Amino acid sequence: MTFKEQIQQGIPNELPQPKPYDTNINHAPKRKEILTEEEKILALKNSLRYFEPKFHAELLPEFKEELEKYGRIYMYRFRPDYEMKARDIADYPGKSEQAKAIMLMIQNNLDYAVAQHPHELITYGGNGGVFSNWAQYLLTMKYLSEMTDEQTLTMYSGHPMGLFPSHKDAPRVVVTNGMVIPNYSKPDNWEKFNALGVSQYGQMTAGSYMYIGPQGIVHGTTITVLNAFRKINKEPKGGLFVTSGLGGMSGAQPKAGNIAGCVTVCAEVNPKITKIRHDQKWVNEIHENLDELVERVKKAQENKEAVSLAYLGNIVEVWEKFDQENLRIDIGSDQTSLHNPWAGGYYPAGQSFEESNKMMAENPELFKEKVQETLKRHAAAINKHTEKGTYFFDYGNAFLLEASRAGADVMSDHPTLGREFKFPSYVQDIMGPMCFDYGFGPFRWVCASGKPEDLQKTDEIACQVLEEMIKTSPEEIQQQMKDNIQWIKGAQENNLVVGSQARILYADAEGRMKIAEAFNKAIANGEIGAVILGRDHHDVSGTDSPYRETSNIYDGSRFTADMAIHNVIGDSFRGATWVSIHNGGGVGWGEVINGGFGMLLDGSDDAERRLKSMLFWDVNNGISRRSWARNEGAVFAIKRAMEAEPNLKVTLPNFVDENLF
Ligand SMILES: NC(=O)c1ccc[n+]([C@@H]2O[C@H](COP(=O)([O-])OP(=O)(O)OC[C@H]3O[C@@H](n4cnc5c(N)ncnc54)[C@H](O)[C@@H]3O)[C@@H](O)[C@H]2O)c1
């Protein structure tokens, strides 16, 4: 069968042969035993409902074995044989170009070069799933291949509920992930619902088909590292940045450190991932000996090298060793997956990677104790460094949250907010006031032709638009504009593409609209093929997350999620090709609500109308909320938006004289 025929077939009519477990690939750890015997039967029944009864007797023992061995039923046998990668949009079968664009993006999220655990359908973050099992994948692709622009596919946490009649301006796909009743939103609820096959953790861009590999985060991380050095008034050259994680997103840190120009030390416990990042040239050197690492850092600092050094081992060892050696760390952070602390997101010190994997499945209580002990050690070592002048920030991975829950010394008294973390999050100090409040966020696009030449042309177009805009940009956003022009100019030579031909660029509402409009014109003129627009959920309006995206909201509303919900509803009726809303990306299940969109530009007038309407809303919604919270940058930005668009009328806050209290 051809690729197209296989997609159109969906779940095969005849059972494919069982597939051997491929040990050459990175697999998800065994998940915690959480189901009762009755619930295991329910999980099996749930999985068998995808198949005709004549296959049940053969599939049942196999699925039972998967559940016992891996804690989940992935239905490995149904993994397709064709190569998993984003193809040219013309290679997909179907009646709807929009649906084909979504197929391309789904396959990119499962590409072996892109996904963290491709056979378990996990794109990044340890548990960020595109689907929960292969039947869902096959069925979804089939629906997409047969739908028209008068239908909408409804996705319930990886499960394609079906095609419903709609209209051409409606989204082709509406995705929800992990939407549970709030009182059932503890980590163990995820374990149970996911094992039952009824809910999944979509992370941000995994379950919304908008992941573009670590490039997506390299840019944001570069901006963060650059601005962190600006904050401490130090040149990155010769400076030392210490952090951890070489996974899906964390793997961007050494590359960003190189672009910023500092010395980066990044610890990682997983040898396979470390090798992948080294092979991809995202990290320059791998070290396994701490004494050698110390010497290498000293030499690199002396020579002012822009170099990244992976330490294959536990991050705690690095913080402690550098303290003993009195090595001055300028900037410190952490990007282990602490949003998922008990299931492989954070590895305890003093035991091997394999021992930890075994312990988390066989003795989860002891594993939890070990994680919490390590977190206390970790925070204690960081405190020693910060006393000596290190600038430490939480990198949106729930490090401070979990460290505080473990009883680590990370809290202090804030004059107005009460008991607070003693270190800022990167959003409080950097991304919030410098970017999000002004509307700057991770706008991205994918060239649907798959051609590198198209990407190069789009880079040039985006650069021209920004260079034109900067001529009249107000002082308040000059720095952001300059950083982004510099980024897009260097993007080609930084070799950032993994998987689809994608690019990320921080832009504000005006920039996003102008760049998108210019792309649409270039498509209409036949200069480039179709372009898929999107963004990370980690953006101005997409995400309500009190310790990350909305951590610089100080009016008490940072624990509300109205903004993210409004955003996705608003995007859906303003022309998005697909929309998604998730519980739990980034910082953990129950800790955040985040949403996003995808939009196909095909050069048509409809596409132009949609992009203008939707992008304007998609950014200004968040700015209005940030402005209402009295964030000065956002008040400035929303007033500017109102001047540009007379139909925008936003309620502005009045500032109160503090002396009145
Ligand atoms: N910085 C950002 O802008 C940003 C954005 C989104 C999310 N995050 C958060 O960052 C975290 C990392 O994301 P990811 O996609 O890279 O996850 P990931 O699970 O792919 O990578 C984390 C890595 O940390 C390693 N690790 C765990 N404990 C360790 C330890 N004690 N010492 C050394 N290495 C250890 C793991 O082996 C893993 O490879 C997540 O919590 C994510 O939500 C950050």
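Tutor: Let us begin with Arg610, which forms a salt bridge with Asp169, the closest N and O atoms being 2.9 Å apart. A salt bridge here is a side-chain nitrogen of Lys or Arg within 4 Å of a carboxyl oxygen of Asp or Glu. Arg610 lies in helix 20 (residues 605-628), whereas Asp169 lies in the loop between strand 4 (159-165) and strand 5 (173-177), so the pair ties together parts that are 441 residues apart in sequence. Helices (H or I, at least four residues) and strands (E, at least two) are DSSP runs, numbered from the N terminus.

A word on the source is needed. The model is predicted: local features need pLDDT of at least 70, side-chain atom pairs count only at pLDDT 80 or more, and totals for chains, interfaces and linings use all residues. Residues are numbered from 1 along each chain as its sequence is written, and side-chain values use heavy atoms, with hydrogens and water left out.

Consider next how the two partners are covered. Arg610 is buried, with a relative accessible area of 9%, while Asp169 counts as partly exposed at 24%. Buried means under 20% relative accessible area, exposed over 50%, and partly exposed in between (1.4 Å probe, protein chains only). The pair also belongs to a network of salt bridges that links Lys168, Asp169, Asp606, Arg609 and Arg610.

Asp539 forms a salt bridge with Arg512, with the closest N and O atoms 2.8 Å apart. This pair, too, links distant parts of the chain: Asp539 is in the loop between strand 16 (531-535) and strand 17 (543-544), and Arg512 is in helix 18 (residues 509-524), 27 residues apart. Both Asp539 and Arg512 are buried.

Glu37 and Lys40 form another salt bridge, their closest N and O atoms being 3.3 Å apart. Because they are three residues apart in helix 2 (residues 37-48), Glu37 and Lys40 are separated by about one helical turn. Glu37 is exposed, with a relative accessible area of 54%, whereas Lys40 is buried, at 14%.

To place these pairs in the whole, the structure holds 49 salt bridges. Among them are the bridge of Arg610 with Asp169, that of Asp539 with Arg512 and that of Glu37 with Lys40.
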